[in-house]
Amino acid sequence: MVDEFSIGNQPQLLKTMPPSACRRTSSPSVTESRPSSFLLLGIPGLEVAQIWLGFPFCVVYLIALVGNVIILYVIWTYHAFTNLHQPMFYFLAMLSVIDLSLSTATIPKMLGIFWFSLQELCFGCCVPQVFFIHFFTVMESIILLVMGFDRYVTICNPLRYSMILTNRVIGVIAVIVVLRSLCMIVPIIFLLLRLPYCGHRIIPHTYCEHIGVARLACASISASIYHGLGNISILFLYVLLIFISYARILYTVFHLPSQDARLKTLNACSSHICVILAFFGPALFSFLTYHFGHGVPQYIHILLANLYVVIPSAFNPVTYGIRTKQIQEQVQSFFSSKKI
């Protein structure tokens, strides 16, 4: 959850804003501690191209919707009489729900800004958007960690797999994922609600995110920054744990007796590895460019922030649908039965 994306200074943004936006920001209630609404500028520097950028984002959103709905339908419909009742597919169903929620929390508003100039978002809508975006982002990172643990047990301790990952354990894991995500995100919302904004309401972004909103405050946001950095540190800890689990997996794989067994085992892990790279790759790059790429244009930061929340939502169901044999077979069976 990289929310330290570069946010430009307000005076510079006002120079690039259309006159209508400037008129809207010069409201009489300049001294109000909490604005009635915020003004999302989209991607400053790419205003002319925004209408065209909306089309690929719309396509990605449609892929995310259709792909994740198909994954959920297949798992829900066929889990009772196929091996789709295995723990891995329960985790995949959780991932699909998260991806649907995360993409729906961001892309519709983004398309409204790009195509219809619907830049205004009320304070009571902006804060929940901050909550849901960061909440589902944290949930996805934890689910990816859990799926890494699932792969580890499957390959390194297969005889005890059914004893370790029972239905009760899966239920406990689901509760822990939700509670852990709430513990990381609720303080963010509390900190945003107690900040005075003094009438500042211009956000150079396509959606409301933690630091983007906090930087509008006319008070110290040190607590918000430190909390954000703490959350990022935890997410990088998840990456480290996933890396350790795959180091153990590779150690086990390369000690298998036959090459065919090694290739089959690696292929079973390939989907999860691709999803991890799609999720954590843009996050890591955004974090590095924010802290070390001071010459990187602001629109690059914002584009990365958008890719970070929308690409995995479409990439995950496609990856698992193509590379997971059980899901592929059930999807083909479903469509072939419809043709008959």
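This is a predicted model: local features need pLDDT of at least 70, side-chain atom pairs count only at pLDDT 80 or more; totals for chains, interfaces and linings use all residues.

Biologist: Is Ser-271 buried or exposed?
Modeller: Buried. Its relative accessibility is 3%, and the cut-off for buried is under 20%.

Biologist: Which residues is Ser-271 in contact with, leaving aside neighbours within four places in sequence?
Modeller: Thr-319, Tyr-320, Arg-323 and Thr-324.

Biologist: Let's switch to Ser-141. Where is that?
Modeller: In helix α5, which covers residues 123-156.

Biologist: And what is the relative accessible area of Ser-141?
Modeller: 0%, so Ser-141 counts as buried.

Biologist: What lies 2.6 Å from a polar atom of its side chain?
Modeller: The backbone oxygen of Val-138.

Biologist: Which contacts does Ser-141 make once neighbours within four places are set aside?
Modeller: Leu-235, Tyr-238, Phe-279 and Phe-280.

Biologist: New topic: helix packing. What angle do α3 and α11 make?
Modeller: About 35°, with the axes 8 Å apart. Helix α3 is residues 50-78, and helix α11 is residues 298-323.

Biologist: Left-handed or right-handed crossing?
Modeller: Left-handed, as α3 passes α11.

Biologist: Which residues make that contact?
Modeller: On α3, they include Leu-53, Phe-57, Val-60, Ile-63 and Ala-64. Gly-67, Asn-68 and Ile-71 of α3 take part too. From α11, among them are Leu-303, Asn-306, Val-310, Ile-311 and Pro-317.

Biologist: Zoom out for me. How many helices and strands are in the chain?
Modeller: Twelve helices and three strands.

Biologist: What share of the residues is buried?
Modeller: 49% of the 340 residues in the chain count as buried.

Biologist: And what about the surface? How much of it belongs to carbon and sulfur atoms?
Modeller: 70%, out of an accessible surface of about 16200 Å².

Biologist: How much of the contact total comes from residues 24 or more positions apart?
Modeller: 82%, counting contacts in the chain with a separation of 6 or more.

Biologist: Now confidence. What is the mean pLDDT of the chain?
Modeller: The mean is 83, and 85% of the residues reach 70 or more.

Biologist: Where does pLDDT stay under 50?
Modeller: Over residues 1-31. The model still has 69 contacts beyond four places in sequence for that stretch.

Key:
Residues are numbered from 1 along each chain as its sequence is written. Side-chain values use heavy atoms; hydrogens and water are left out. Helices (H or I, at least four residues) and strands (E, at least two) are DSSP runs, numbered from the N terminus. Buried means under 20% relative accessible area, exposed over 50%, partly exposed in between (1.4 Å probe, protein chains only). A polar contact is a pair of N or O atoms within 3.5 Å; within protein, one must be able to donate a hydrogen and the other to accept it, and residues adjacent in sequence count only if both atoms are side-chain atoms. Contact means heavy atoms within 4.5 Å. pLDDT is the predictor's confidence in each residue, from 0 to 100. Accessible areas come from the Shrake-Rupley method with a 1.4 Å probe; for residues, only the protein chains shown count as cover. Axes are lines fitted to C-alpha atoms, for helices over the stretch in contact, and angles run from 0 to 180 degrees between N-to-C directions. A crossing is left-handed if the near helix is turned anticlockwise from the far one by less than a right angle, and right-handed if clockwise.
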